[in-house]
Amino acid sequence: MPRFRGILDELPAYRPGKAVVAPDGRSFKLSSNESPYDPLPPVVEAVAAAAREIHRYPDPACTRLTEALAERYGVPQEHVALGAGSVTVAQQLLETVGEPGAEVVYAWRSFEAYPLLADLAGVTSVRVPLAEETHDLEAMAAAVTPRTRLVFVCNPNNPTGTVNRTDELVAFLDTVPQDVLVVLDEAYHEYVRDAGVPDGLRLYADRPNVAVLRTFSKAYGLAGLRVGYLIGHPPVAEAVRKTMVPFAVNALAQAAAVASLAAEEQLLERVEAVVKERTRVRDGLLAQGWAVPPTEANFVWLRLGERTMAFAERCAADGVAVRPFAGEGARVSIGSPEANDALLSAAEDFRNG
């Protein structure tokens, strides 16, 4: 029998959000933080046009997309690096620092892929507990040692939706040694409405050890095509490009991302609609008596403890799929008004039951 790395015996598989179907046929997938909207017509047209060339390899340098991102954010092209979704860019980042003895610091609970990717890269995870559902940046700074090579700050945090604001984040960045890479994971940046939350691109400019990670999967609705990107200083971006699998971002994904940037005004109108629904859902849950932390993402978080799986099962009975974390809580994506109404109804029934 072939011999594999020992870590594979202990490694849990990544568990994507699932769909469920109620007895009456209703099905609302609120488990994966996806956009509830179909792709915009110009994006579909761009994908269709690109499909006529799928007998050719995609541009390995993602030239047009790199140019479009650099123009959109006013950064040099050499500051941009691409990957097949931001989770893959995170994997590429960990590969750039992964060697025996290296450590990566992140809050917990945060994005569930962090420990999986760290283990695969041979990096030791240092998990710092959340404080009131939010990154405890002082504790994270204290957790940095000479072995620390990378720190993830997920802002807004997945799965709690909570944020760290400018003053505390700047103080944290000023504390971290310059040879430690800090990655601001901003997968949900487009949904932020709190003026106190910084745009990571304004923080990285004069900090060579800070990089920003973003995605087209959420606000741009391209989850099925897998496009993520990093913006950082040339040594960081170049390192990420070196660890990119050739042709990782396929031709359809590149075309869709370029078209999405061109149609950004329309897309952001959709984001605004999700934000309004987010407020309605949270207000509804609060009115029912649930404790729901303020969220700046496209989901809400319910700290349910031992009731988590029972809550998920009750929602599933109504055709509502949520993302449970056993013994901790449930993350619920903001969907269409109909889906959100179904969630509120199931939550109320569970609470009253």
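Me: Which residues is S333 in contact with, leaving aside its neighbours within four places in sequence?
Reply: S333 is in contact with L30, S31, S32, N33, E34, N298, F299 and N340. Contact means heavy atoms within 4.5 Å.

Me: What kind of model is this, and how are residues numbered?
Reply: This is a predicted model, in which local features need pLDDT of at least 70 and side-chain atom pairs count only at pLDDT 80 or more, while totals for chains, interfaces and linings use all residues. Residues are numbered from 1 along each chain as its sequence is written, and side-chain values use heavy atoms, with hydrogens and water left out.

Me: Back to S333. Is S333 buried or exposed?
Reply: S333 counts as buried because its relative accessible area is 3%. Buried means under 20% relative accessible area, exposed means over 50%, and partly exposed is in between, using a 1.4 Å probe and protein chains only.

Me: Which element holds S333?
Reply: S333 lies in strand β12, which covers residues 329-333. Helices (H or I, at least four residues) and strands (E, at least two) are DSSP runs, numbered from the N terminus.

Me: What lies 2.7 Å from a polar atom of the S333 side chain?
Reply: That is the backbone nitrogen of N33. N33 is also in the contact list of S333. A polar contact is a pair of N or O atoms within 3.5 Å; within protein, one must be able to donate a hydrogen and the other to accept it, and residues adjacent in sequence count only if both atoms are side-chain atoms.

Me: Now Q254. Where is Q254 placed, and is Q254 buried or exposed?
Reply: Q254 sits in helix α9. With 9% relative accessibility, Q254 is buried.

Me: What does Q254 touch?
Reply: Not counting residues up to four places away in sequence, Q254 touches P58, D59, C62, L65 and V249. With D59 there is also a polar pair: the backbone oxygen of D59 is 3.0 Å from a polar atom of the Q254 side chain.

Me: Switching topic. Where is A291, and is A291 buried or exposed?
Reply: A291 is in the loop between α10 (264-288) and β9 (299-303). Its relative accessibility is 62%, so A291 counts as exposed.

Me: What does A291 touch, not counting residues up to four places away in sequence?
Reply: A291 touches W301 and L302. As for Y191, which is 100 residues from A291 along the chain, the two C-alpha atoms are separated by 21 Å.

Me: And where is M309 found?
Reply: M309 is in helix α11, residues 308-317. M309 is partly exposed because its relative accessibility is 38%. Leaving aside neighbours within four places in sequence, M309 is in contact with P324 and A326.

Me: On to the backbone. What joins W108 and R109?
Reply: A cis peptide bond joins them, with omega about 10°. R109 is in the loop between β3 (103-108) and α4 (113-120). The peptide bond from N155 to P156 is cis too, with omega near 0°. P156 belongs to the loop between β5 (148-154) and α6 (166-175).

Me: Why point those out?
Reply: Because most peptide bonds are trans, and most residues other than glycine have a negative phi.

Me: What is phi of R226?
Reply: Phi of R226 is near 65°, a positive value in a residue other than glycine. R226 is in the loop between β7 (210-215) and β8 (228-231), and at 31% relative accessibility R226 is partly exposed. F247 has a positive phi near 65° as well. F247 is in the loop between α8 (234-242) and α9 (251-262).

Me: Whole chain now. How many helices and strands?
Reply: The chain has 12 helices and 12 strands.

Me: How much of the chain is buried?
Reply: Buried residues make up 54% of the 353 residues.

Me: What radius of gyration does the chain have?
Reply: The chain has 20 Å, which agrees with the value near 20 Å for a compact globule of 353 residues. The radius is taken over C-alpha atoms, and the globule rule is 2.2 Å times the number of residues to the power 0.38. The C-alpha atoms fill a box of roughly 55 × 55 × 50 Å, taken along the principal axes.
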